[in-house]
Structures are given as structure tokens and as C-alpha cells.
Amino acid sequence: MGLNGLIRVPSDKSITHRALLLGAVAHGQTTVYDPLLGEDCRSTLEAIRRLGAQVDEQAERLVITGSPSLTSAEFDCGNSGTTMRLLTGLLAGYDGTFTLTGDASLSKRPMRRVTAPLRAMGADLAGDVAPLHIRGRALTGIDYTLPVASAQVKSAILLAGLRADSPTIVREPVLSRDHTERMLPLFNGQIDITSEEGVRTIRLSPSVLEGATVAVPADPSSAAFWWAGAALVPDSRVTTTDVCLNETRIGFLRTLERMGAHVDVTNVRALGEESVGDVTVSTSTLHGIRLDGTAIPHQIDELPLFALVASQASSPSSVRDAGELRVKETDRIQTVASELKALGVDLRETDDGFDVYPSHLHGGHVSSHGDHRLAMMLQIADLLTTEHVTIDDVEAADVSYPRFRDDLQRLGREIE
């Protein structure tokens, strides 16, 4: 039996994080419609409450009353690297002392890519891994060129720049997710974006934010699992509705199209500063491709899923320039390789990626290693074999997609 149906996946995690943080320091009220309230965004929500923002949780929306002065506090960021990195930038310019902790996985993740440019702005930061200790102080604007594409680093610098005494400039040789710079003008952020000789330049003047209204679209990183399942499972056709179509977020969809998937995008429309639409994918015959260079940042979170999809293609595939995967919730290159190999996938690691060859999946005992994207990818893998697959810590999916198992059953398949 195939996967069939119409579904709205949970709202976008990246946009929700940013709306909460900007609303927390904006004057007046901010209303966030359809926020994602999985574990990662809950970490950010609890953090802004500890900072002094008032949050009224209503049906399908949050009403945030910003705090004019932030309260010194200690924050548990859980497993959310976005919470920790963006909060570090946001808090660096405010009076107060702040400590950011996280779980065992987050405490191993590198923070120097954020702390180094913030220190260049004058930030008083102790630690380059969690716990991070921040003593807020006056900041100076910086002219910074990102050494690697990173929306989190870019966002942390821009959030710090709101409180700097001079303009902050971030230069991007490779475009990363641009939700922060799209959202800032909604909150009265004074921002200007230009592009010259392939380098995108973002100039932010010190800004006093005002409350805004943000409608959060469906998350393409969550929809990607249904796109993959529909393309791979026989007799399938799945439509994901209201999906964010920001080009910095739909690299995986473009990859599926390159591989030969049947993709139809309809009902395209504006939602605030973002574009949304409905995406339908049906069972397809796929061929292998190579992913590298500028294609990587726009689908970095979907590369574990790409490994599975590539194993069902008619020819080999490869991924390069994706060393960032080794410092995610897990070393995603190593864990994807170990778990998919346990199910019969011929996948070979490289330092910055992997090679995948056409494979026949079989049953096995695998683990998510506490990584939400691996948990969902392995559930899609289970659909591709008639043999028994046991997945340890499948609940890790709750970080970004709390009802994933329920939606899997609703679309016609059930996982044990």
C-alpha cells in the first residue's frame, strides 16, 4: 500500500525561533500565528520567558509582549543549537549576565564560529562550547565575511548588531537561509541588502524593534520526508500544503526534480515576506546525482534523507563539501552510514560527505542516536522493506515533528 493523501506538516522551525526572539525584545506586542512548538522551539520559548517577555499561548497563535530590559538568567537550550547560537548574539549587547547550557549533545557542538565574530564586536563571552557565559556590554559594529555558509552565525551577528553603536555588515559568498534578514524589517529592523560580484552584503543599522505579526508556513525540512516517501514507495501520491518555498530552503525538492521525481507545485502565494505553496510528489523512477558546492547549504538538513533516496536510484550518487554534517546533533555522516548500512545500503563515507550505490534494503535493528532527522529518515526507510525494522529512540522526532508517527499512519502506512 502506498502513501497517499493531503497533509500540512508542522510549521517552520527556523522561522518560529526567529519570531520568538525578535518578539521578546521588540516594543509592544507580537503575534505569531501557527508557531511550531516542538522541543527545540520550546527551548526558545522558555528562554524568552526567563528574559522577562510575557507569552500568552492561545489556539494556533502566541501573543508575545516584549521586555524593555532583559532579566539576567540561566537558560537550558536542550538540544537546540539554533536557540543557543542566536541567543548568544541577541544577549551580547544587553546589560546583564547570562549562562547558556544544553544537553550532552549540544554541549559538544562548536560555538566558536559564533563567539569569535561576537568577540570582535566587543562581546564579553566565556567558553567556546556550552556552557556559555555572557556578560552584556556595549558593542561595536563589524564588517564580517562568513568563512562558510551559516544562517546561525549570520543571524547571531545581526541580532548583536541591533544593539551595536555603528552599522553591522555581513558578507555572504554563498547564500544561506535568509529568514532573519527577511523578518527584521517586519519588526522595524533597518536593513539593506545588495549583491556584487557574487557576494551578498547585508548592512544592518542599530535598530529599535517594534512588535509585528508573523504567520509561520509549513516546514519544508519536515515536508521533505513525505516527498521522499511518495517518490520511493510504489503507488504513492502525497500533497504537502502551505509549505515555505523560500529558495534557500527547498534544495532537497530541487534535488528530487534533478533525480527525475514527479513534482508539481501549485497554489503559490505570498505569506508575509515568504512564499508558500502546495507540493505534490508521486512515485518516481530516480537516477543518481552529485551534490556539492553551493547546492549543500540549501539542503544541509535533508542530506541524511538524500542518502536513503539515493540508495533507491538507478545509478550512484555522491555528496561532497558537507563537512558541516559532522557537527550537527550527531556526526550525521557517521551515524547515517552506520544505520543505513545496517539496513543493507551500500554507503561509503568520505571526510566531507559520502558515496551511495543502488541498494536493496532489508530489515534490521537501528538507532536514531537521539537525532530527530535520523529518527524520521529511518521510519521512511522502514517503508522500503517487507522485513522487520526496529528503531531505537524513535521519539527523537518530537524535536521538530511531534506527530510524525500519527501522520505516517494517516497517510496509509504504519511503523512498528
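Leaving aside neighbours within four places in sequence, F252 is in contact with A224, W227, A228, H298, Q299, E302, L305, F306 and V309, contact here meaning heavy atoms within 4.5 Å. The model is a predicted one, where local features need pLDDT of at least 70, side-chain atom pairs count only at pLDDT 80 or more, and totals for chains, interfaces and linings use all residues. Residues are numbered from 1 along each chain as its sequence is written, and side-chain values use heavy atoms, with hydrogens and water left out.

F252 also turns up in the largest nonpolar core, which has 70 residues. Such a core is a set of buried Ala, Val, Leu, Ile, Met, Phe, Trp, Tyr and Cys residues joined through side-chain atoms within 4.5 Å; buried means under 20% relative accessible area, exposed over 50%, and partly exposed in between, with a 1.4 Å probe and protein chains only. Together with F252, the members that touch the most others are W226, W227, L303, F306, L308 and L347. Helix α7 (residues 220-232) supplies the largest share of this core, nine residues. Helices here are DSSP runs of H or I with at least four residues, strands are runs of E with at least two, and both are numbered from the N terminus. In soluble globular proteins, nonpolar side chains tend to be buried together.

On to the rings. Five aromatic pairs come out of a search of the whole structure. Rings of Phe, Tyr and Trp (its six-membered ring) pair if their centres lie within 6.5 Å, and planes under 30 degrees apart count as stacked, over 60 as edge-to-face and the rest as tilted. F75 and F98 are a stacked pair, because their centres are 6.3 Å apart and their planes at 25 degrees. This pair links distant parts of the chain, with F75 in strand β5 (residues 73-76) and F98 in strand β6 (residues 97-101), 23 residues apart. Both F75 and F98 are buried. Y401 and F404, by contrast, pair edge-to-face, at 5.1 Å centre to centre and 85 degrees between the planes. Y401 counts as buried at 0% relative accessibility, and F404 does so at 1%. Ring pairs also tie Y401 and F404 into a cluster with F225 and W226.

The strands β5 and β6 belong to an open sheet of four strands, ordered β5-β6-β8-β7 with mixed pairing. Two strands count as paired if DSSP finds at least two bridges between them. At the edges stand β5 and β7 (124-126), each with a single partner strand, so one side of each is left without a neighbour in the sheet. The twist averages 15 degrees from one strand to the next; axes are lines fitted to C-alpha atoms, for helices over the stretch in contact, and angles run from 0 to 180 degrees between N-to-C directions. Four bridges hold β5 and β6 in the parallel sense, and F75 stands opposite L100 in β6. Helix α2 (residues 39-51) packs on this sheet, touching β5 and β6, with its direction at about 175 degrees to that of β5.

Another open sheet of four strands has the order β9-β10-β12-β11, again with mixed pairing. Its edge strands are β9 (143-145) and β11 (190-196), each pairing on one side only. β11 runs antiparallel to β12 (residues 199-205), joined by seven bridges, and S195 stands opposite R200 in β12. Helix α5 (residues 151-161) lies across β9, β10 (168-172) and β12, at about 165 degrees to β10.

Strand β4 (residues 61-65) pairs antiparallel with β2 (residues 29-33) over five bridges, with T31 opposite V63 in β4. Five bridges also join β4 to β3 (residues 54-58), again antiparallel, and Q58 stands opposite R61. The hairpin of β3 and β4 has two residues between the strands, and E60 takes a positive phi near 60 degrees there.

Finally, D398 lies in the loop between β22 (389-392) and α12 (404-410). Its relative accessible area is 27%, so D398 is partly exposed. Beyond its neighbours within four places in sequence, D398 is in contact with G38 and E39.
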